[in-house]
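These are my notebook entries on a structure that I looked up. I worked from the overall arrangement to individual residues.

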2 protein chains.
Amino acid sequence: MEKELVFGHQNPDTDAIGTAIAFSYFVNKLGCNTEPVALGEPNDETAYALAKFGFEAPRVIKTASDEVKSVMLVDHNEPQQSVSDIDKVKVSRVVDHHRIMNFNTADPLYYRAEPVGCTSTIVWEMFDEQEMEIPEKLAGLMLSAIISDTLLLKSPTTTDKDKAAVEALAKIAGVDYKEYGLAMLKAGTNIADKSEDELIDLDAKSFELNGNNVRVAQINVVDLPEAMERKDAFLKAMENASKENGYDMFMLLITNILDSDSEALVVGSDENKATFEKAFGKKLSDSEVKLPGVVSRKKQVVPPLTNAFEG
Amino acid sequence: MEKELVFGHQNPDTDAIGTAIAFSYFVNKLGCNTEPVALGEPNDETAYALAKFGFEAPRVIKTASDEVKSVMLVDHNEPQQSVSDIDKVKVSRVVDHHRIMNFNTADPLYYRAEPVGCTSTIVWEMFDEQEMEIPEKLAGLMLSAIISDTLLLKSPTTTDKDKAAVEALAKIAGVDYKEYGLAMLKAGTNIADKSEDELIDLDAKSFELNGNNVRVAQINVVDLPEAMERKDAFLKAMENASKENGYDMFMLLITNILDSDSEALVVGSDENKATFEKAFGKKLSDSEVKLPGVVSRKKQVVPPLTNAFEG
């Protein structure tokens, strides 16, 4: 079997990295020859999860076509979120829980998407369908991915299937998922020793919304006021990044993982700021707005922004 | 649960209609409220299969958005092969075995694609995963779809999974699949009482290949020379259809289902005919060429045409 690479999106999170490792294990058991890799270094939360369950961070790649002819994607499908030379390789399999956008192939492929909270939930289901055993440590890693994406099952993206997966995986991994999950999430909230430039790029995704290049970044914290003390520096970093990369709007969502409330900072033209205000039905005050209960970029941020930019 | 429609592609074949019925049954058992419909009347082969297993032909729809807000697609995803107002409805689920092309959604969805011979093979797998029983008659209809798409497991698109599905479904349906399959395929080969205009539209799909609107139609026969007696009339019908619908190239594949050989007829500009010749490495003689062993549009026609038009 010719070797293939398995990876998640740019600016990888625990789902992107953890599910790449899990899915690579799964397809290798079915006879494939894959290596899980990543499009960036693990963030603090992911590093915590990898260390906890005894995994090395996957090798970071910049391009794929110099190594392989074919790849498998997890936790994304949009080309601009993928490896830079995605157009030069064949995609043989995708497992994802996002919308499908600008994803075109020349040949039939395996594509498995479900509107659930985390890609690892789908991979857990696939193990179950194949009656394949999940190793204890891998179960811990997949559990970490689901806890991360669903903020301990509190995000509105959470489904009954995610809950069932968490119960089952925690049992295999032998951990108390609430206790472990909070510790893992907290490990990702240490913003004190990172620059604003780093923080706005840690978990950031670009979306093309009606011709506009919109960047949406998210930071998890346990102390919102502490984060907001750095507001001016965040705004400056977002302005610089927008100039450098041609973002028409840059939104930073700062989420308190303990009470699921967020503050948003927004940089962009007056017109785009007005579109943002239309999207959320709220006025920005000095580039800032409170978004209580908003924790999911996918479910609570991208859909209203898409509608506002398109309408 | 709000009602949704389930349907296959335009110019429906036995997979499009049979799998719409099967998938609708499947998701309704899971709690959905769907009706299987079709984007056209069943062809002779499909009508034979429906009658054999006691199904009515599904209701034919021209548009969906006047009835429902959300639909499920089987056996296709490309918008130009779908219902005319596909852009006005949400797609909640797709089950397919084709490439993904120009399929974009605003929200996460269920998408299940596998590179197997027939969509019913995937639905059979889904029944199996859910440990859901397949009713005897429905098994017969799904079996018919797989026999149709794989030409009785002889098409190069056939996988081990299709073979396993055929064995399992034939057992549930209580039929000898070889005997029944040949009778069903033969039921679809009666071209004597159809006009050339009808025959070139019976199983035809449009593909956008590097900006060219390419039409590929296929007819199954048991007597190639008999079909080729109508060559001039076919070419004339193809030329008229091209003018009316703006096809840049029209290819008609006439396949002998008994020995898996085909003749192709091609209409288009000299340049596009040259592209066709490059695709298959064969010269057209008076708009005609023999393509021995070519029976699959998806696997043996569209990929070489795509490469030739793009390169």
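**Entry 1: Asn11(B)**

I began with Asn11(B), which is buried at a relative accessible area of 15%. The cut-off for that label is under 20%. I located Asn11(B) in the loop of chain B that runs between β1 (4-7) and α1 (14-29). I then read its backbone: phi of Asn11(B) is near 45°, a positive value in a residue that is not glycine. I noted it since most residues other than glycine have a negative phi.

**Entry 2: Confidence**

I recorded that the model is predicted. For chain A I found an average pLDDT of 96, with 100% of the residues scoring at least 70. For the complex I noted an ipTM of 0.90 and a pTM of 0.91, both given by the predictor.

**Entry 3: Relation of the two chains**

I superposed chain A on chain B: a turn of 180° with a shift of 0.0 Å along the axis gives an RMSD of 0.0 Å. That is the relation of a two-fold axis.

**Entry 4: Annotated binding site**

Which residues does UniProt list for "binding site"? In the unreviewed entry I found Asp15(A), Asp75(A), His97(A) and Asp149(A). They are spread over 135 residues of sequence, yet they cluster in space, with a largest C-alpha distance of 10.8 Å.

I looked at Asp15(A) and placed it in helix α1 (residues 14-29) of chain A. Asp15(A) counts as buried, at 0% relative accessibility. Leaving aside neighbours within four places in sequence, I listed its contacts, which include Asp75(A), His97(A) and Asp149(A) from the record's list. Cys118(A), Thr119(A) and Ser120(A) are also among the residues in contact with Asp15(A).

I turned to His97(A), which is in the loop between β4 (90-96) and β5 (110-113) of chain A. His97(A) has 2% relative accessibility and therefore counts as buried. Not counting residues up to four places away in sequence, His97(A) touches, among others, Asp15(A), Asp75(A), Asp149(A) and Lys298(A). I marked one further contact of His97(A), that with Pro108(B), a residue of chain B. Between the side chains of His97(A) and Asp15(A) I found a polar contact at 3.4 Å.

**Entry 5: Domains of chain A**

I read the domain assignment of chain A as domain 1 (4-187) and domain 2 (196-310). Their centres, taken over C-alpha atoms, are separated by 25 Å. I noted that 18 residues of domain 1 are in contact with 20 residues of domain 2.

From the unreviewed UniProt entry I took the feature "domain: DHHA2", placed at residues 181-309 of chain A. I found this span to be 45% helix and 28% strand, with its end C-alpha atoms 36 Å apart.

**Entry 6: Leu152(A)**

Lastly I checked Leu152(A), which is not a glycine but has a positive phi of about 60°. I placed Leu152(A) in the loop between α4 (136-150) and α5 (160-173) of chain A. Is Leu152(A) buried or exposed? At 16% relative accessibility, Leu152(A) counts as buried.

Terms used: Residues numbered from 1 in each chain as written. Chains lettered and ligands numbered in written order. Predicted model: local features only at pLDDT ≥ 70, side-chain atom pairs only at ≥ 80, totals over all residues. Heavy atoms only, no water. pLDDT = per-residue confidence, 0-100. Least-squares fit on C-alpha atoms with pLDDT ≥ 70 in both. UniProt positions renumbered as here; feature names shortened; annotations may be inferred. Helix = DSSP H or I, 4+ residues; strand = E, 2+ residues; numbered from the N terminus. Buried < 20%, exposed > 50% of the residue type's maximum accessible area, 1.4 Å probe, protein only. Contact = heavy atoms within 4.5 Å. Polar contact = N/O pair within 3.5 Å; in protein donor to acceptor, adjacent residues only side chain to side chain. Domains from an automatic or database assignment.
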